[in-house]
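Have a look at the structure first.

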Amino acid sequence: MIYTRCCCAIVLSWLLGVVAFDAVAEPSTFDLIIRNGMTLDGSGNPAVRQDIGLRGDTIVAIGDLSDASALRIIEATGLFVVPGFIDLHSHADWALSSDSREARKSASLVTQGLTTVVGGADGGNVKWPLSDEIAAFESGGMGMNLVPMVGHNTIRGEVLGLKSERQATASEIERMKAMVTEGMDEGAWGLYAGLEYRPGRFSTPEEVLALCEVVAEHNGFYIAHQRSEATMPLWQLPSAVDDWPIDGLQALEETINIARQTGIPVVASHMKARGRSSFGRSAHDILLIDKAWDEGLQIYLDVYPYETFGGGPRRMLPAWALVDEGVFSGGGRDAPVFYEEDAFSNARANLQRRWADPALHARIARDIRWIVDHNGGADRVMIVDFPDAVLVGKTLDDLARERGVSFQQVVVDLALTGYPEVPGGAWIRGYGIHDIDVENYIRKEYTATGSDAAVSGVAGVEGMEGGPGSHPRHFGAFVRKIARYVKDKKIISLPFAVRAATSLPASIIGLQDRGYIRVGFKADLVVLDYDRLRDRATVLEPEQFSEGIEYVINNGVPVVEEGQRNDALPGVVIRRTQSN
């Protein structure tokens, strides 16, 4: 199989590398020299020992700079120098538009080596119109660069308003198409969709395709949290299925069809085979994607390197079992009632009454079975916080065997005896992804590294994530990809992993001066100690900084020095121009 973009990038990188060495004929003074590092240029080629000279925000020389002087020299002997990491699926935009400088510094992500993130994840913009969002980013400086996108959920909500739980009319689609054009003209690189969330999940494939046709006119790309990643979408449960349940394969087929119909690059974001019943589905996904590449389509994935999903802890109970009568009759987790402060004020009494009703008991037990399966099964669902600390670290299966009851009874008991303010009583996290699927996806040349991470560790700031049960990806995703799958498991090589985090996402987006270490490219660079490189964040201790990222340089300005985040905010909004 020939992956056209990837092969062309490797050839181009070799040619540019030749130019880079020719560019250092005369001794010069630089703002910064990184000396004696082993350079992995982002192409996937092996490392080469060389010096890198920067002036301002640009790489101006690569090669032997031993005779050159600089305002500052970073000695990188024994270290690797790689391009700054680029994240296709990030929730950092909420922090990068915050009034908090600490949030804008984005330490949990920058210390992983991230220098650029794509905005609009899951189809949501921080502000609309896009010009207002960009102004918010630029108003206070940023710790990373940001690639703006048009969020499908945002523009759908703008057009359909409170009546968004339905198909759009032809005239409404035309209004959304005009908003895509507006966003692209203001600097967006493409359309970001979140088709498993409100209001995007009420859209038809035809609606999304019509918007992507506008993206194609502007030479953009499409990225999506797809309609489903499991045997049924998040909004469905066995007790509330009112239509054919969309599975992950059907969702992927929709994404591939967009590439087929429009010719644009498409990305299936945070790709996973979610839930125990989906374990192993990666093999089928890869068959579909490889066939699409054989057709000449550009189908990409981004994958985070964990067996657990979801930004926060999970609830193992259906909402309808907890809320008052008439408040909510559905079963999915995306219902508006989830966001009402007092929705679960009578949760314990309601659950106890319904669990005692034989008919409702069977219905609740069936929904719990699916939710637990969706999170990996009773032996892979762990309690991460509970009033009785003895339970922390145990699985539902552990407790069921200890108590001689079903895991469904354990779930109900936790809800009735745990934290009264927590629907479900306990903070719980499941390992709902199998490592064999992670490995299968990340071996592919078309798979980029992603995090699906927000900025964490900044208390009291809107958009921050953290606390018991939060995902370790907020502090560790990009480092873990190398530490686990290169160093420990040897599934992929270091040059391959670096390419997946740098030149590959840059190529997908269409960035012309980032993603490689090249003369004339922006000086987004990471200096890492491969021997020390290790993610430390875990499910039980999620807010632990990674180790081994010694320096991060963004637009020529160090933001991490000797492993510590400094106070600099040199990030920029990277607008798409008509020449891209």
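In this predicted model, 6 strands line up as an open sheet in the order 9-10-11-12-13-16, with parallel pairing. Strands and helices here are DSSP runs, numbered from the N terminus, with at least two residues (E) for a strand and at least four (H or I) for a helix. Two strands pair if DSSP finds at least two bridges between them. The edges of the sheet are strand 9 (150-151) and strand 16 (447-449), each pairing on one side only.

Further in, strand 11 (residues 221-225) runs parallel to strand 12 (residues 266-268), and 3 bridges join them. To find your place in that pair, look for alanine 224, which stands opposite alanine 268 in strand 12.

A few ground rules before going on. Residues are numbered from 1 along each chain as its sequence is written, and side-chain values use heavy atoms, with hydrogens and water left out. Since this is a predicted model, local features need pLDDT of at least 70 and side-chain atom pairs count only at pLDDT 80 or more, while totals for chains, interfaces and linings use all residues.

Now for strand 5 (residues 80-83), which pairs in the parallel sense with strand 1 (residues 29-39) over 2 bridges. Phenylalanine 80 in strand 5 is the bridge partner of methionine 38. Strand 5 also pairs with strand 17 (residues 525-528), this time in the antiparallel sense and over 4 bridges. There, valine 82 stands opposite valine 526 in strand 17.

With a relative accessible area of 2%, isoleucine 517 is buried (buried is under 20% relative accessible area, exposed is over 50%, and partly exposed is in between, using a 1.4 Å probe and protein chains only). Leaving aside residues up to four places away in sequence, its contacts include Thr39, Val81, Val82, Pro83 and Leu525, where contact means heavy atoms within 4.5 Å.

Another buried isoleucine is isoleucine 482, at 3% relative accessibility. It lies in helix 16 (residues 473-488). What does isoleucine 482 touch, not counting residues up to four places away in sequence? The list is Phe85, Lys487, Leu494, Ala497, Tyr530 and Leu533. Leucine 533 is 51 residues apart from isoleucine 482 along the chain, yet their C-alpha atoms are separated by 8.0 Å.

On to the helices. In helix 5 (residues 130-138), the buried residues are Leu130, Glu133, Ile134, Ala136 and Phe137. They lie on the same side of helix 5, because they cover an arc of only 155° around the axis (the arc is that of the directions from the helix axis to the C-beta atoms). An α-helix has 3.6 residues a turn, so residues three or four places apart point the same way. These buried residues pack against helix 2 (93-96), helix 3 (101-105), strand 8 (145-147) and helix 7 (170-185).

Helix 10 (residues 282-294) and helix 15 (residues 435-442) pack with their axes 9 Å apart, at an angle of about 20°. That makes helix 10 roughly parallel to helix 15, since angles under 35 degrees count as roughly parallel, over 145 as roughly antiparallel, 65 to 115 as roughly perpendicular and the rest as oblique. The axes are lines fitted to C-alpha atoms, for helices over the stretch in contact, and angles run from 0 to 180 degrees between N-to-C directions. Where they meet, Ser282, Ala283, Asp285 and Ile286 in helix 10 face Ile436, Asp437, Asn440 and Tyr441 in helix 15.

Most residues other than glycine have a negative phi, and most peptide bonds are trans.

| Spot | Feature | Value |
|---|---|---|
| Trp128 to Pro129 | cis peptide bond | omega near 10° |
| Arg198 to Pro199 | cis peptide bond | omega near -10° |
| His270 | positive phi, not a glycine | phi of about 30° |
| Glu562 | positive phi, not a glycine | phi near 50° |

Proline 129 lies in the loop between strand 7 (114-118) and helix 5, and proline 199 in the loop between strand 10 (190-194) and helix 8 (205-217). Histidine 270 is in the loop between strand 12 and helix 10, whereas glutamate 562 is in the loop between strand 19 (557-561) and strand 20 (564-565). Is each of the two buried or exposed? Histidine 270 is buried, with a relative accessible area of 2%, and glutamate 562 counts as exposed at 62% relative accessibility.
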